[in-house]
Amino acid sequence: MSIFNLHLPILDEIKEHGLKTTVRDRSVDVVTRLTSGLSPSDIRSILRDDPPGRPNPRLKPHSEGFWLHMKPTYYHQLMDGVYPTFRLGWLSTFFFVFEIITGVLLMVYYTPSPAFAYENMLTILGNVPFGRLLRDMHRLGAELMVAVVMLHALRTFLTGSYKKPRQFTWATGMILLLVTWLLSFSGYLLPWDQLSLWAVTIGVSMVEAIPPEIVGQTVNLLARGAPEFGANGLLRWYLLHVVAMPLVGIIFFGVHYYKVIHHGHSLPPEDEEVGEDTAKRVPTDTRVYFFPTIATRELFYTVALTAMMVVGSLFIHAPLEPHADPLITPLHSTAPWYFLWLQGMLKLGDKVIWGLIVPGVLISGLLVLPYIEVGPSRRYGDRRIGLTAGAVTTLLFAILSYMGSPWYAVQTSAEQEAVAELVPETHPGPLRLSDWNELQVGTYDASAYEAAPTEALHDLLEEFDHELARIPRDERTDHEGIMVIENWQTGLKKITLRVLWTTVADGNPGEYSQTLYLHEDSNYGQGE
Amino acid sequence: MRWHIALGTVAVVVIVVVLAYVAITETARMESFTNAYDSRRIEVGAALYENNCRTCHGPQGEGIPGVAPSINAPDLFNGERLMAVGFSGTLYDYIEGVVAYGRPVPSAGTSYPQRMPTWGQEFGGPLRQDQVDAIVSFILNWEDQALAAAGEGTVTLGEGEAVGVDVGVSLPEGDPRAGASLSQSAQAGCSACHELAAVGPAWAAEASQPGIGERAGQRVAQSDYSGEAETAGQYLLESIVNPYAYVVEGFDASLMPRDYGERLTAQEAADLIAYMLSLR
């Protein structure tokens, strides 16, 4: 049949078999093409866990399709449980993809310029539907990805899976760990708030120490774009975050995964003969096929994790501190948690030794670990020294991380710390979260908290008093805390916290005070 | 495998439900966030104002005669001032422009000797755009106060005979309440400078230091006291009308205006002194 001399075979088919049959056949055809060989009935049988037909149609997507060409068609059943992988590699991949998707959506609303970046955050939070959810999910995903990648490395070490023949897989994995750190770290700067600026400033400050001086200065200048972070620095870290690091990550992910599949997933150490690698030999009766078992499970993990991320982001919000200010260093600024160990090391002494040489040796050591540590056995019992060294290193990292936190060896005045408990500079804190109406105008003595006219004031003054009581009295004594609340403007109160003391040595009085303005509608505690 | 599929389906339902919940509540949430952030901008503005603007425009924007005009004033908010300078944009734009650019020439009809400096970073000043915005938000928040105050009477100076500079002059009975009010008024202008303490006026008691009433008595009795006063009240009068008869150590002998003897009436001086003597 032809219309205007145009021949459409589908019309012949409809004429011959009827419309319903033709549409059904064509739909089956489309699905089969899109899945590289799985018809709707194949998919249905996969979901029902029916036995496969012969020849097995479920192998076709592996041999003909792009997405599964690297995925194995079957796994060893020993790899089917949570142990030994804990699914950490898969989780890393999930978060990487999750971050790319949420990240691309966030890019739509972002301009990498100090003049606009912070304003963009306010827009995302206040004028973009689902904006806060996206930002929260991106942030939560980033933190989890760092944690998962680090645990993945630790697991690989513990099960000895880095050993021959998988040395190169381990090395690429270490590079991926660095990429993950840098990805997360470079993202810190983008909101251009105080947290951003100071976390990255602290992080970058150590490159300045690279000897000789000219090299340190040049690298520092390249990393900051100018002597101090500004428009150029932000643009550089933005490009690092959205182009360079994802690209490096994708390339090394490809190599890493190719190597994983090439060598096969390493079996639990106790199930292999010492010195042997039997991952590639999977007897027929121990096979678990990708379709249906692994595929449905990975699909399940994907939706379940997405649901967890969506629900989690309702409760865990990405912080947003005040606008970045190069002139004001907030009390208790730190590097991100995964770099606290580095900050801890810097407190030990020389910048060059502890900020560059030691971490450099450590990371290069980890990179080449499988080429140095060549003991043939992966059994836990045979690796007592290695595992002990690993445990000690992990413990050291934990201790160094604690040392990197502001609670260790940071010299600030105890009086300032006491006030900061009420009015912290890195999160809202109790005073900003108090009921505005209960902050009655007046002058209050911290020690007389029992007499406070409202409950909120009572709690604040009590905490103030307790913080002051904790100050050691060896240099200064007779501490007195005063809180003054004044009406400042319509809906605005001025609150001054003062600490008075007497110096023990010469008997002179001293004072520290901090002022805070609080608006009735500022509504802190929305998670930011 | 079945429970994977069942739980997976549940997870999909959870995602849809949560997204629907977010979609429904999102408009209200965005509004609440915007409102909260506008309020926080006022807080930031208040601190910036304190550090940068207060020395000339007064702690409450009341202005200081001979230094800078009032910005907590009804004519700024009721449109009169914009009309006077012929500005056709919004009040926000007007204030933002004045803060960011500064005032290279005085407005018509005014004769302030100092020029408003440039504050915006892009024009060579010290403040970023977000800081300028915060100051504007803070100033605009005076609207209610300024318009409400427009109807009320204000304290005036100089009606009646001036008190002069003689510390021995006999003063009428003073009213401490009137003195307190006068001390805080823009016309008297005391609080523009004497409020450098962390809390409230510098003449109030602070830490180990007693109020000015007590202090005045101690000063007169000091051996290095070089003025003519014999009582605490006279000392206070002298400090106002003839401030350089004796300057407390550590203070600059050029800051206090010399013209209060001509500007204050005897009653106003008596009120101020009565108020200050009550501070111990």
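Trainee: Is α13 of chain B mostly buried or exposed?
Mentor: Buried. In this predicted model, 10 of the 12 residues of α13(B) are buried, so the helix is largely enclosed by the rest of the structure.

Trainee: Which residues are buried in α13(B)?
Mentor: They run from Glu268(B), Ala269(B), Ala270(B) and Asp271(B) through Leu272(B), Ile273(B) and Ala274(B) to Tyr275(B), Met276(B) and Leu277(B).

Trainee: And what covers them?
Mentor: The cover includes three helices of chain B: α8 (176-183), α10 (212-221) and α11 (232-241).

Trainee: What does α13(B) reach from its first C-alpha to its last?
Mentor: Helix α13(B), residues 266-277, reaches 16 Å, close to the 16 Å expected at 1.5 Å a residue.

Trainee: Switching to the interface. How many residues of each chain are in contact?
Mentor: On chain B there are 37, in contact with 44 on chain A. The chain B elements giving two or more residues to that side are α1 (2-52), α6 (129-140) and α7 (143-149).

Trainee: Which one gives the most?
Mentor: α1(B), with 26 residues. By class, the side of chain B that touches chain A has 22 nonpolar, 10 polar and five charged residues.

Trainee: What does α1(B) pack on?
Mentor: It packs on a sheet of chain A, touching β6, β7 and β8, and its direction makes about 145° with that of β8(A).

Trainee: What is the strand order in that sheet?
Mentor: The sheet is open, with four strands in the order β5-β6-β7-β8 and antiparallel pairing. The edge strands are β5 (442-445) and β8 (509-519) of chain A, each pairing on one side only. The twist averages 15° from one strand to the next.

Trainee: How many bridges join β6 to β7 in chain A?
Mentor: 11, between residues 476-489 and residues 492-503. Within that pair, Ile482(A) stands opposite Arg498(A) in β7(A).

Trainee: Which helix of chain A lies across β5, β6 and β7?
Mentor: Helix α19(A), residues 455-469, running at about 150° to β6(A).

Trainee: Last topic, the largest nonpolar core. Which residues touch the most other members?
Mentor: Of its 44 residues, those are Ala446(A), Leu461(A), Phe464(A), Met483(A), Ala46(B), Ile135(B) and Phe138(B). The largest share of this core, six residues, comes from α6(B).

Trainee: Take Leu461(A). What is it in contact with, leaving aside neighbours within four places in sequence?
Mentor: Leu461(A) is in contact with Tyr444(A), Ala446(A), Tyr449(A), Ala452(A) and Met483(A).

Trainee: What lies apart from that core?
Mentor: Another core, of 34 residues, including Tyr188(A), Leu189(A), Trp192(A) and Leu400(A).

Note on methods:
Residues numbered from 1 in each chain as written. Chains lettered and ligands numbered in written order. Predicted model: local features only at pLDDT ≥ 70, side-chain atom pairs only at ≥ 80, totals over all residues. Contact = placed C-beta atoms within 7 Å. Nonpolar A, V, L, I, M, F, W, Y, C, P; charged D, E, K, R; others polar. Core = buried A, V, L, I, M, F, W, Y, C linked by C-beta atoms within 7 Å. Buried ≥ 20, exposed ≤ 12 C-beta atoms within 10 Å, placed from the backbone. Pairing = 2+ DSSP bridges. Axes fitted to C-alpha atoms, helices over the stretch in contact; angles between N-to-C directions. Expected span 1.5 Å × (residues − 1).
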